[in-house]
Amino acid sequence: DLLIVVGARFSDRVTGNAKKFAKNAKVLHIDIDRAEINKNIKASASVVGDVKEVLKRLNPMITPNTSEEKKEWINKILDMKKKYPLTYNKELLTGPYVIEQIYNVTQGDAIITTEVGQHQMWAAQYYKYQNPRTLITSGGAGTMGYGLGAAIGSKIGNKDKTVINIAGD
């Protein structure tokens, strides 16, 4: 119903076919750069400003949704994940297999960073994250070289954690 976009440029990696992207949703676009608003996707409403300052004002207005409707939606998603699990050919060496093996070796207790490419999707889909803020990726920003710097920063900030940068397709 509502897509809130914070500091994103709506690249084709995020939207796919822009004409079909969130066509039934209202879009609230928050960005410091006015030129990004309505550049790739038409926003229903926008806020131009420093995200830190904008969110300081917006966050107090949010109330947690603990409704039965939310619980039903979460259960529906979990049921769909069981009914339509991600699969791949387990007889070949594939990217998803490698990501699952990284998960098995680390037992989910690692910080994963990524570069730009299909491996971003595999890292998001096939590593079973146990804790928040353990997938560090530029997402649709397409920032080449991001993963190495993110891995270095993650290790400096988390000296006791295993940090793995996944790079290449």
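Tutor: Helices (H or I, at least four residues) and strands (E, at least two) are DSSP runs, numbered from the N terminus. On that basis, the elements of the protein chain run β-α-β-β-α-α-α-β-α-β-α-β from the N terminus on, which comes to 6 helices and 6 strands. This is a predicted model: local features need pLDDT of at least 70, side-chain atom pairs count only at pLDDT 80 or more, and totals for chains, interfaces and linings use all residues. Residues are numbered from 1 along each chain as its sequence is written, and side-chain values use heavy atoms, with hydrogens and water left out.

Student: Why is E100 called buried?

Tutor: Buried means under 20% relative accessible area, exposed over 50%, and partly exposed in between (1.4 Å probe, protein chains only). E100 has 17% relative accessibility and therefore counts as buried. Its place is in helix α4 (residues 95-106).

Student: Which residues is E100 in contact with, leaving aside its neighbours within four places in sequence?

Tutor: Contact means heavy atoms within 4.5 Å. With those neighbours left aside, E100 is in contact with Y88, K90, Y126 and K128.

Student: How do you know that the span of α4 is close to the expected one?

Tutor: The expected span of a helix is 1.5 Å times one less than its number of residues. For the 12 residues of α4 the expected value is 16 Å, and the helix reaches 17 Å from its first C-alpha to its last.

Student: What puts the buried residues on the same side of α4?

Tutor: The buried residues are G95, P96, I99, E100, I102, Y103 and T106. They cover an arc of only 155° around the axis, so they lie on the same side of α4; the arc is that of the directions from the helix axis to the C-beta atoms. These buried residues pack against β4, α5 and β6.

Student: How do you know that β4 and β6 pair?

Tutor: Two strands pair if DSSP finds at least two bridges between them. Strand β4 (residues 110-114) and β6 have 5 bridges, in the parallel sense. T114 stands opposite I166 in β6.

Student: What makes β5 and β6 edge strands?

Tutor: The open sheet of 3 strands has the order β5-β4-β6, with parallel pairing. β5 (135-136) and β6 (162-166) each have a single partner strand, so one side of each is left without a neighbour in the sheet.
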